[in-house]
Amino acid sequence: MKIKLERERLYCLGLALFLVGQLLGHTLLPVPLYGRYFLIYLGIFISIFSFIIDFRELYYAVNRHTLEKIEVIIFIIILTIVSIISLKHNYSYALIVNIIFILSAYHIRFEKILKTFFVIACSVLLIMLLAYILGLVGDGQVLQGRKTFGYRMPTDLVQLIVYITLSKIYLNLMKGRNNTSLYLLIFVIAIITLVESSSRLGSLTLLLLIPYTIFLKRKIFKSDFQISKFTQSILKNLFFIGALLSYLVTELFIRYPNNSVLEFINQITSARLTNNRMGIEFFGYSIWGQDIYTNISSFFKGWFYIDNSFYVFLLSYGLALLVLVGIGYRYVVNKCLKIHEYIIPFILLVIVLDSLIDQHFYSLEYNIFLLLPFSTLITYTNEEGLK
């Protein structure tokens with residue numbers, strides 16, 4: 001038990017250092033590049049060390065020769081190989097780093113992981129807001145007229161707040177805490193970001209989280225709460241449904257560019273469909289991934305940015321990795337449903353829907369729920385919350 005606690009502390013320390021280095025990269029704070037990289041690499045090293053420090057636990061995990069274990073090990077090997085191939089094509093080391101942190105989270109309590117993320121993300125956010133108020137940093141230069149409060153882009157700020165909120169919602173529901181003050185804070189932040197940053201979709205997501213959380217608390221903690229097989233199937237395959245929906249809407253937009261409904265969707269999503277179409281026209285879909293942003297700078301000087309997580313996979317990371325991540329998503333939801341942990345699947349539902357208009361799904365410094373597959377979950381048993 002002592003070794004497990006030490007391993008958990010080490011892992012959370014490594015994760016904290018990594019998160020600080022990564023989150024600062026989304027800000028305009030003049031932090032030396034080598035300083036950020038030092039924190040990132042040190043965090044990765046500590047994470048790996050925490051994984052191997054308990055050799056008996058690691059040996060036990062690898063040598064439990066059940067069919068499920070063998071399937072998981074094979075999946076991890078395939079995921080690692082595909083991520084390396086994708087890395088060679090798009091030069092995104094985040095693909096490998098994600099695997100390192102996901103694997104080393106084995107038997108780490110997910111509650112501790114979330115608390116670590118919540119503390120670090122909130123701390124960086126508050127530091128940035130203070131720096132902005134003091135005039136130490138300004139607004140991002142990409143989108144003039146929209147306040148970014150020291151972040152490079154308005155979406156970097158608002159989406160971080162969305163994931164912080166989701167982590168806090170889970171922790172509060174798990175402990176059966178009152179969410180009234182959280183609802184008020186979410187409402188105020190959503191209005192401020194809407195007015196000052198013009199982040200319509202992100203602010204709307206924050207506002208919708210209020211009634212959604214109220215619904216979850218009233219429904220999930222009832223003693224007779226059950227999920228139908230059809231709903232379970234939807235929850236398990238939601239990642240693939242989101243990918244298919246993104247593909248269909250974009251392809252329809254390409255074929256029928258003058259359709260009023262599709263034009264309206266493109267308008268309210270800040271030309272996200274237009275950018276998806278541009279990406280397809282410039283590069284086409286990719287199986288193994290490609291470096292779209294470096295390549296496009298050589299022949300296109302206008303605005304281009306993919307703000308849909310599924311098209312980040314389809315154009316940049318590759319279709320192969322998208323399929324594997326979808327399988328991993330299904331594994332996590334199935335794991336939760338088996339132990340009657342119903343909060344996680346419904347939070348993941350929000351993340352998938354949010355990913356239709358955001359590109360941070362596979363960014364660990366935002367989507368901390370990527371660390372779910374091998375971490376330890378606790379389940380609720382009554383209306384008081386989780387035990």
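Me: Which class does His107 fall into at 35% relative accessibility: buried, partly exposed or exposed?
Reply: Buried means under 20% relative accessible area, exposed means over 50%, and partly exposed lies in between (1.4 Å probe, protein chains only). With its 35%, His107 therefore counts as partly exposed.

Me: What kind of model are we looking at?
Reply: Residues are numbered from 1 along each chain as its sequence is written, and side-chain values use heavy atoms, with hydrogens and water left out. Local features need pLDDT of at least 70, side-chain atom pairs count only at pLDDT 80 or more, totals for chains, interfaces and linings use all residues, and the model itself is predicted.

Me: Back to His107: between which two helices does this residue sit?
Reply: Helices here are DSSP runs of H or I with at least four residues, strands are runs of E with at least two, and both are numbered from the N terminus. His107 has a phi near 65°, a positive value in a residue other than glycine. Its place is the loop between helix H5 (94–104) and helix H6 (110–133).

Me: And what is phi for Ser270?
Reply: Ser270 is in the loop between H12 and helix H13 (272–282). It's partly exposed, at a relative accessible area of 41%. Ser270 isn't a glycine, yet its phi is positive, near 55°.

Me: Which residues does Met128 touch, leaving out those up to four places away in sequence?
Reply: Met128 belongs to helix H6, and it's buried because its relative accessible area is 0%. Contact means heavy atoms within 4.5 Å. Met128's list runs Thr27, Leu28, Leu29, Val137, Phe149, Gly150 and Tyr151.

Me: How many disulfides does the count give?
Reply: A pair of cysteine sulfur atoms has to be within 2.5 Å to count as a disulfide. Cys12 is buried at 12% relative accessible area, and the closest cysteine sulfur to its own is 16 Å away, in Cys122, so that's too far for a bond. The count comes to 0.

Me: Which helix holds Val188, one of the residues in a nonpolar surface patch?
Reply: Patches take residues with over 30% relative accessible area and no salt bridge (a Lys or Arg side-chain nitrogen within 4 Å of an Asp or Glu carboxyl oxygen); like charges are joined within 9 Å, nonpolar side chains (Val, Leu, Ile, Met, Phe, Trp, Tyr) within 5 Å. Leu184, Phe187, Val188, Ile191, Ile192, Leu194 and Val195 make up this one, with about 600 Å² of accessible area together (Shrake-Rupley, 1.4 Å probe; for residues, only the protein chains shown count as cover). Val188 is partly exposed at 37%, and its place is in helix H8.

Me: What radius of gyration does the protein chain have?
Reply: The chain has 17 helices and 2 strands. The globule rule, 2.2 Å times the number of residues to the power 0.38, is set against a radius taken over C-alpha atoms. For 387 residues the rule gives 21 Å, so the chain is as compact as a globular protein of that length, with a radius of gyration of 21 Å.

Me: What share of the residues in the chain is buried?
Reply: The C-alpha atoms fill a box of roughly 55 × 50 × 45 Å along the principal axes. Among contacts between residues at least 6 apart in sequence, 74% join residues at least 24 apart. Of the 387 residues, the buried share is 52%.
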